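Colleague: I'm new to this one. Could you walk me through how to read it?

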Amino acid sequence: MRRIPRGIEAVAHNDRAIWEKCFKRKALDLNSSLFEATSFCVTMGGMLKGFEEVEHTADIALRVRGRDLRELLVNAALGLGTLLTDHVDMPAEAVQTRPVEVDAFDPESLLVGWLSELIYWAEKDRFVCRAVEMQEISSTHLKAICIGSCVPELRHHIKAVTYHNLQIVQTDQGLETTVVFDV
Amino acid sequence: MVDSRAIKRIDKYLYEIDASFRDDMRVPARLYTDPELLEHALGDASVDQLVNTATLPGVVKYVLAMPDIHQGYGFPIGGVVATQLPDGIISPGGVGYDINCGVRLLGTHISEEEVRPYLDELATAIYNHCPSGVGKGGEIKLKTGELDRVLEEGSRWAKSRGFATDEDLERTEVGGCLEGADAGAVSAKAKERGHDQVGTLGAGNHFIEVDVVRDIYDEEAAQRFGLFAGQIAVQIHCGSRGLGHQVCTDYVQRFQQAVQKYGIRLPDRELVCAPLNSPDGQAYLAAMKAAANYAFANRQVLAHHVRRAFEEALSGKVRNPYVFQVYDVGHNMAKIEQHEVDGERITVCVHRKGATRAFGPYHPDIPSAYRDVGQPVLVPGSMGTASWVLRGTEEAMRQTFGSTCHGAGRAMSRTQAKKKVWGGELREQLEGQGIRVRAGSMSGLAEEAPSAYKDVDRVVEVMHGSGIATKVARLVPIAIIKG
């Protein structure tokens, strides 16, 4: 049985059934308390969604929230995952872990650099990231393990993540930003 | 937001925003439009984006919006920005993520009546021969090092592999190869994204369409371009695929820091740029040219696939199934060109993002067969609606750095379009109009619903009426092939 590395940050769906189907029962030996501990990454404690799709004329945009930069980056990756595929099932034998390191200039370029890595993988072999183990993070650097699988087909072809009006802003609950993808 | 009162009408189809409108503007902004299209444009951020481009270092004369302008990222789509060499800027955002996205028009000797009985077979054959869909690879396997040749030689590489004729190359913008492309300036990731996509259509708004030339507006030019009423023609609309997207991504990221180095202040980070004479500017220019060459090669291989499909479906059934090339022109590109500004001939970098080059008669860059009538301009409409062939004019050289519109321009978001239109229903509607549809994805079809776009006839009327690019022929679709 494969194990997800310890300290995993979040899963793509805040739905216990899906979580168990994807990770626990079928695939991975994780305890449910870890699920409780990480689910806020997606839902912000049930108050606000960690990410949601918003309207943009020519493209697709994602509003992303997090209590800190770590959460924001994780939620952005998971949000991108839902744009890329409807497939929630991730059979045990298909689970892959991929290391990634991004260096950037400021938090916004870190976010763009990070999502660009995931878009590159999506196009290369349809790998979609469903969970993240964030190992190191600062405002200009991150090191993470992405956990996901290669899906049979992608829902959207995402060309790129853009800097269009990109700004990570401080809110009462933490950080928020809207990322526009060119499709 | 730009207030409509700040926009002065200076001619029937020409509007201007004075350079005094905002402190950081270096030049005025001009819009080719009409009252209804202008209202559309003011409905999103596109005019603000146009004003933003007027702040870029080295920008000359004025920045321009074509009638199909709509909101992009950083630069508006349907914008033209010229910057002066040596130290004016080049911006990856001024080209866009799909570098050298463009249109190729193929002509035939087949009439509509001849093809009608076999239209289903033809549509299916094209769909089968031309790989399409999200992230789909093609059948062309490149040997080690061969991708670098595609990047540096463009359509010439395609010819060496037997996918092109001399005439095809002659009838492609810049002969299908931009000189000065450097495969070394393209990242390994970009190459990885592009290595198996040569000769593939992709998804999104890209398509292949079988058209009928419905109306001729300019007999002389049409004859020269090989077009006649009732003729079957084919349009191929696509670009540099994942490779181009990654090149843009890489350089937008790299330039985030470069703008600080060169002390450039910007109203939007997507406008990042570097002076053309800097190492950063030169690297992007060489990489962009490589991606542009990839796009020329891609459309060339697709044209080869279309030819095979015509032979397979129509051989022995029509008199002559031969497919020839009319022209191929990009609408997302930055080109180093000579233009006259204030009575002086200067070298500029013309960024055309969602805008088509439209050189007037006797320009040396026009194929000799068309030289005295002007460059063919290809303006695809939205799915199921008309497309246009125009010709470039002297007026375009004087007013717009030899540029015109590129299509209908989106008026509704993809999500909105999908809410309003169901893919299956749209397919039935198109089929009801006698248009065959071969599409990999129904939701992809709905996103491109004609109602999500502006009226292409209206857009073209503005360019024609202002004398920038004049009408030659109007095409209507009879088969649509999409990812």
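Colleague: How many residues of chain A are in contact with chain B?

Modeller: Two residues are in contact if their C-beta atoms, placed from the backbone, lie within 7 Å. Here 26 residues of chain A are in contact with 33 of chain B. Helix 5 (107-125) of chain A gives the most to chain A's side, with seven residues; helices (H or I, at least four residues) and strands (E, at least two) are DSSP runs, numbered from the N terminus. This is a predicted model: local features need pLDDT of at least 70, side-chain atom pairs count only at pLDDT 80 or more, and totals for chains, interfaces and linings use all residues. Residues are numbered from 1 along each chain as its sequence is written, while chains are lettered from A and ligands numbered from 1 in the order in which they are written.

Colleague: What pLDDT does chain A average?

Modeller: pLDDT is the predictor's confidence in each residue, from 0 to 100. Chain A averages 78, and 71% of the residues score at least 70. Over residues 1-18 of chain A, though, the pLDDT is below 50, and it stays under 50 over residues 21-47 of chain A. Where pLDDT is low, the predicted coordinates should not be read in detail.

Colleague: Why is helix 2 of chain B largely enclosed?

Modeller: A residue is buried if 20 or more other C-beta atoms lie within 10 Å of its own, exposed if 12 or fewer, and partly exposed in between. Helix 2 (residues 46-53) of chain B is largely enclosed by the rest of the structure because seven of its eight residues are buried. Among them are Val47(B), Leu50(B) and Val51(B). The cover includes helix 1 (35-42) and strand 4 (63-73) of chain B.
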